[in-house]
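Open the model in your viewer and keep the sequence panel beside it. This tour tells you what to select at each stop.

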Amino acid sequence: MQRTTPPFRADVVGSFLRPAAIKEARKQFQAGEINAVQLRAVEDTEIRRVVDLQREAGLQVVTDGEFRRAWWHFDFFEGLEGVEGYDAVQGIQFNGVQTKARSIKVVSKLGFGSHPMLEDFRFLKSISGTAVPKMTIPSPSVMHFRGGRNAISKDVYPDLKDYFDDLAQVYRDAIKAFYDAGCRYLQLDDTVWAYLCSEDQKKQIRERGDSPEELARTYADVLNKAIAGKPDDLVIGLHVCRGNFRSTWISEGGYEPVAEILFGGVNIDAFFLEYDNERSGGFEPLRFIKKGHQQAVLGLITTKSGELELAKTVEARIAEAAEYLDINQICLSPQCGFASTEEGNSLTEAQQWEKLKLVVDIAARVW
C-alpha cells in the first residue's frame, strides 16, 4: 500500500517559512545593497537546506519551499507573456487582515515564453537526490478569477472564449516546458474552487455579474484542455485552498457544491484537499472521485498554527474518509503550505518540521 510514484502517502503542499537569511537578503536587494546574483546565491543556500530538511523528515518528495517568490501566484503570472503586475488600490481581504496591494492584468496576447521558473525547477532537480522534486504553480482559473473581465484587455481579447483558449494553451506549453526540464510531479494551486463552495463568495461573484455555475464549467474545461495529452509519467495534482495568509483564510464551506464537476469531471491525478477544521465540511464529496489511480491527498494537519495534532485523531479521520473512498486512493499532507506569501504563517520553523514528521509517522502506520 506504499507508493513509489507521486503523490506519496506522506506528501507536502509546497511552501515553507522563509528563513531569516532569505528575508534579510530580500531587504538588502530591495534597498540596492546587493544585486540579483548575490540574492540568488543566498536563495540557493537556503533551498539546499530546506531540501535536506525535507529528506531528513522522511519525505519522498521535496520542493524549493517557494523561497524565490513573494507570492504563491503573482510571481508566476508576472513571468508570462502578456501579463503585467501592478500595485493595486488595495490588497486581498482575508479574515481580519489584508495582503499587500498587488494584482495583475492582461495587456497583450498570452504566451508562456522563456519563463524564469524553469531555471528554478532545474536547480531544485539538481539537488533533490533520491527524492522526487515537485514544482508548484498557480492554476489557470486563478489568473482569471480575481480580476475577471476587467483585468483582461478588451482590445486584445474582445471575446473571452479566445482568452480561455489561449490560457489553456499557455498551460499546455508550461506543462511541456517543465516536463522537458525534467519535472515529473507538477502541482496546480487553486483557491477558486473553494470560493465556489462559499455562499458569501458566490454572492460576491453574482454581484459582479458572473455565474458561479458557469465559472465552474469554464474552469473545469480549461483545466482539462491544459492537461490533455500530458505524458503518462507526469503526475499533476490540484491543490484546492480556502486562502492562506498569515494563518487566516477567505472562504468557508465543504466541497459538495463543486464535487461532481471537480472530482467527477476534472482529469487530474491527485486532489490536495484541505480538511483541517469544520470549515472544510465532511468527507462525503470524496464519493465523486473516480475509482482507479486518482488520489485524494487529505490535508488533515493544519499549517495555520503550531499546535501539533493528535496522531490517533488524524488516523480516525483517515478511517472516516475511507468510508467514501478506497484507502488505497488516499494520502496525507499538511492542509496547505506554511507560507503562501513571504510573510508566512503564525508558527515557528521547529513547529513546521514537527508537523511534517507527524505526517510521515502517521502515513507509515496507516499504510
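The stops below run from the whole chain to single residues.

**Before you start**

This is a predicted model, where local features need pLDDT of at least 70, side-chain atom pairs count only at pLDDT 80 or more, and totals for chains, interfaces and linings use all residues. Residues are numbered from 1 along each chain as its sequence is written, and side-chain values use heavy atoms, with hydrogens and water left out.

**Whole protein**

Show the cartoon. The protein has 12 helices and 10 strands. Helices (H or I, at least four residues) and strands (E, at least two) are DSSP runs, numbered from the N terminus. Along the principal axes, the C-alpha atoms fill a box of roughly 55 × 50 × 45 Å.

Switch to a surface. Buried residues make up 58% of the 367. Buried means under 20% relative accessible area, exposed over 50%, and partly exposed in between (1.4 Å probe, protein chains only).

Contact means heavy atoms within 4.5 Å. Among contacts with a separation of 6 or more, 79% join residues 24 or more positions apart.

**The nonpolar core**

Select Met143, Phe178, Trp193 and Leu286. Of the 117 residues in the largest nonpolar core, these touch the most other members. Helix α6 (residues 160–180) gives the largest share of this core, 11 residues. A nonpolar core is a set of buried Ala, Val, Leu, Ile, Met, Phe, Trp, Tyr and Cys residues joined through side-chain atoms within 4.5 Å.

Zoom in on methionine 143. Beyond four places in sequence, its contacts include Phe77, Leu80, Ile104, Tyr163 and Leu167.

**Helix α4**

Select residues 117–127, helix α4. Which of its residues are buried? They are Met117, Leu118, Asp120, Phe121, Phe123, Leu124 and Ile127. Their cover includes α2 (36–56), α3 (74–78), β5 (135–138) and α6. Step just past α4 to glycine 129, which takes a positive phi of about 65°.

**Glutamine 187**

Go to strand β6 (residues 185–190), which holds glutamine 187. Glutamine 187 counts as buried because its relative accessibility is 0%. Beyond four places in sequence, it touches residues including Val12, Lys134, Thr136, His239 and Phe272.

**Isoleucine 289**

Select the loop between β8 (270–274) and β9 (295–301) and find isoleucine 289. Is isoleucine 289 buried or exposed? At 4% relative accessibility, isoleucine 289 is buried. Leaving aside neighbours within four places in sequence, its contacts are Phe263, Phe271, Gln294, Ala296, Leu325 and Gln329.

**Tryptophan 353**

Finish in helix α12 (residues 349–366), at tryptophan 353. Its relative accessibility is 10%, so tryptophan 353 counts as buried. Beyond four places in sequence, it touches Phe16, Val50, Leu53 and Gln54. Now draw a C-alpha to C-alpha distance from tryptophan 353 to aspartate 159: the two are 48 Å apart in space and 194 residues apart in sequence.
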